[in-house]
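Here are a few friendly notes to read alongside the model. Please keep the 3D view open as you go through them.

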Amino acid sequence: MVLVRTTPPRPVEVTAVFPELAPLARPAIRLHPRPGSPSVRDSSVGGPLLWPAEEPWPHCEDSHLHGDSGFRQSPAEVRLDRHSRAQRHEDPYGPSFTPEEEAAMEQKAARLAERLDAGPPWPAECPVPLLPVAQLYLRDVTLLRPPGEANLLQVLWCPYDHEPDWKPATAVFWRSAASVVDVLATPPEPYEANYPGYVPEPCLLAPEAITEYPDSLDLSPESRQVVGDWSRWQAAGVDVDSSYADYPAEFYDGNLADAPGWKVGGWPPWGRTDPYRRYCVVCDAQMVPLLTIASFEWDGGTRGWAPYEDRAAAYAAGHRAGLSPAQPTRVEVGSADNMQLYVCPTSPEHPHTDLIQ
């Protein structure tokens, strides 16, 4: 069965009210990750990668001694804990695990005891294996602009905070899927993660092409003033709640500009800071958004972007912590922020950069 998610039409046609913004329209692809069991041949978030068996798995060589969250769980333990909570949510009085899962947990517990007896390896003394974050095939995400014959993007990160911005360190790989003959069956995993939010839950994707407009912070001063002019909205005769009369730019940002959630391309979301231009360290070109890694698919201010298929869940109350439909990947970066990955438009092979926003 094909996973489908559909963004509702925007409550107002942007160019009908602000025709001067038409040249700023950008294509984007919302990824709509949802929990599943992806294979190496699927586009996914947190799923297994089509990684060549003969190619070394990437590791982070940083010292990892600059911050200690106090969290002491491996990625496997994080996933088991999530599974247990999900089982209790389905049947609060039933068993958390099946007999097979309990047997697997006992084996994991025995291995964990051996590991603890041996003492943890100091992250400063050993490279840390990276965790898969996203795998995107060009056939599914046609907005990608890979170099050469590549048709596959793979993004990984180190699940420790890194200075100076206290975020996971990211790695980007482009490759040709056809060139991978033997796939690495069991990639190494980190001993532990700084936070459970640094361990993505395996998700399948429902890519959807949309058109975006820039956040009001990305507009010129003149355009920003126009978007914030309530009389302009009234003159256009659009049906916008009068509660936005004092701050119409808030309606624009929350409902008409850049879409929330995981996406490729489009316009970057802002909020923590004003727009921060990124420039390629090789050729000095202004970098463009590649991938937005989102903590949430929507929030109270952007719930109108929730797909038709998720509307009932988006507007339902009483979601248990960690089981919100707005957080299918269970990823959380910053303080429920976004991590934006940028690439050089001249050459995707130039070093990428990232930014918490």
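1. Is Tyr 198 buried or exposed? In this predicted model, Tyr 198 has a relative accessible area of 3%, and it counts as buried because the cut-off is under 20%.

2. Now look at the aromatic pairs, of which the structure holds seven. In one of them, the ring centres of Trp 157 and Tyr 198 lie 6.0 Å apart with the planes at 65°, so this pair is edge-to-face. Distant parts of the chain are linked here: Trp 157 belongs to strand 7 (residues 152-162), while Tyr 198 sits 41 residues away in the loop between strand 8 (167-175) and strand 9 (203-204). Trp 157 is buried too, at 0% relative accessibility.

3. Next, find Trp 233 and Phe 251, another edge-to-face pair, with centres 5.8 Å apart and planes at 85°.

4. Two arginines are worth a look. Arg 10 lies over the face of Trp 305, 3.8 Å from the ring centre, and Arg 26 lies over the face of Trp 267, at 3.6 Å.

5. Finally, visit the largest pocket, with a volume of about 520 Å³. Its lining has 26 residues; among those nearest the centre are Trp 270 and Asp 299. Helix 6 (residues 248-255) gives the largest share of the lining, three residues. By type, the lining divides into eight nonpolar, ten polar and eight charged residues.

How values were computed
Residues are numbered from 1 along each chain as its sequence is written. This is a predicted model: local features need pLDDT of at least 70, side-chain atom pairs count only at pLDDT 80 or more; totals for chains, interfaces and linings use all residues. Side-chain values use heavy atoms; hydrogens and water are left out. On a 1 Å grid over the protein atoms alone, a cavity is a set of points where a 1.4 Å probe fits but cannot get out, and a pocket is an open set with protein on both sides within 12 Å along at least five of seven lines; lining residues have an atom within 4 Å of a point. Grid points are joined across faces, edges and corners, and a volume is the space filled by probe spheres set on the points. Helices (H or I, at least four residues) and strands (E, at least two) are DSSP runs, numbered from the N terminus. Ala, Val, Leu, Ile, Met, Phe, Trp, Tyr, Cys and Pro count as nonpolar, Asp, Glu, Lys and Arg as charged, and the others, Gly among them, as polar. Rings of Phe, Tyr and Trp (its six-membered ring) pair if their centres lie within 6.5 Å; planes under 30 degrees apart count as stacked, over 60 as edge-to-face and the rest as tilted. Buried means under 20% relative accessible area, exposed over 50%, partly exposed in between (1.4 Å probe, protein chains only). A charge sits over a ring if NZ of Lys or CZ of Arg is within 6 Å of the ring centre and within 35 degrees of the ring normal.
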